[in-house]
Amino acid sequence: MMAISVSGCSSVYAKNSIQSPGKQCKYTGQSVRALPVRILTVGKKRSPGVQLLVDEYILKLKHYCSVDDVLVRSNPKNARDVRVQVEDEDTAVMGHIRSDDWVVMLDENGLDIGSEKMAELVGDAGNTGASRLSFCIGGPYGHGRKMRERANMSIKLSSMVLNHQIALLVLMEQLYRSWTILKGQNYHH
């Protein structure tokens, strides 16, 4: 285990995300403050199948916390320059983030965490004094400078690069799995 400090906040996360079967997170069975969750995804209109699954996970997560799913339009000003596109997307995403949000940026270079550590992230966020837990999924060219500076931490969902729709589904499933771990339920086995 190694301790890392991300934007002035200290947390302990495993360097290697491989977890042994049945390993518990530090909050399993304890009372955890459920922060409302906002998921910001930069992209184009979702396919009906993806939206159906997102809606299904939102219903499942309602038993644990409120979830706000926000789709931020990719390339909102139809810029031809990639840098300008990322900057425009960055500004649009930052408009949805409050100063008291705990912000988790999903990025291919982020921390590699397993399901138990994701559950601990959700539990830890409730102890930060934040009023909301915001997850940010970047557009086709990643996150902009403002998001990278604002994020409290950065995680990756996979060693492979995922498009924003697949990343959203993996995130939704892992949030649901996190809550079942926190509540000591059997879904995660």
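Tutor: Start with the rule for rings: those of Phe, Tyr and Trp pair if their centres lie within 6.5 Å. The model is a predicted one. By this rule there are three aromatic pairs, and Y57, Y64, Y176 and W179 form one aromatic cluster.

Student: Why is the pair of Y64 and W179 called stacked?

Tutor: Planes under 30 degrees apart count as stacked. The ring centres of Y64 and W179 are 5.8 Å apart and the planes are at 10 degrees, so the pair is stacked.

Student: What makes this pair a tie between parts that are 115 residues apart in sequence?

Tutor: Y64 is in the loop between α1 (48-61) and β4 (67-73), whereas W179 is in helix α5 (residues 164-182), so the pair ties those parts together.

Student: Are Y64 and W179 buried or exposed, and how do you know?

Tutor: Buried means under 20% relative accessible area. Y64 has 16% relative accessibility, so Y64 counts as buried. W179 has 2% and therefore counts as buried.

Student: What makes K60 a charge over the ring of Y176?

Tutor: For Lys, NZ has to be within 6 Å of the ring centre and within 35 degrees of the ring normal. The charged end of K60 sits over the ring of Y176, 5.2 Å from its centre. K60 also lies over the face of Y57, at 4.9 Å from the ring centre.

Student: Why is helix α3 described as largely enclosed?

Tutor: In α3 (residues 115-125), 11 of the 11 residues are buried, so the helix is largely enclosed by the rest of the structure.

Notes:
Residues are numbered from 1 along each chain as its sequence is written. This is a predicted model: local features need pLDDT of at least 70, side-chain atom pairs count only at pLDDT 80 or more; totals for chains, interfaces and linings use all residues. Side-chain values use heavy atoms; hydrogens and water are left out. Buried means under 20% relative accessible area, exposed over 50%, partly exposed in between (1.4 Å probe, protein chains only). Helices (H or I, at least four residues) and strands (E, at least two) are DSSP runs, numbered from the N terminus. Rings of Phe, Tyr and Trp (its six-membered ring) pair if their centres lie within 6.5 Å; planes under 30 degrees apart count as stacked, over 60 as edge-to-face and the rest as tilted.
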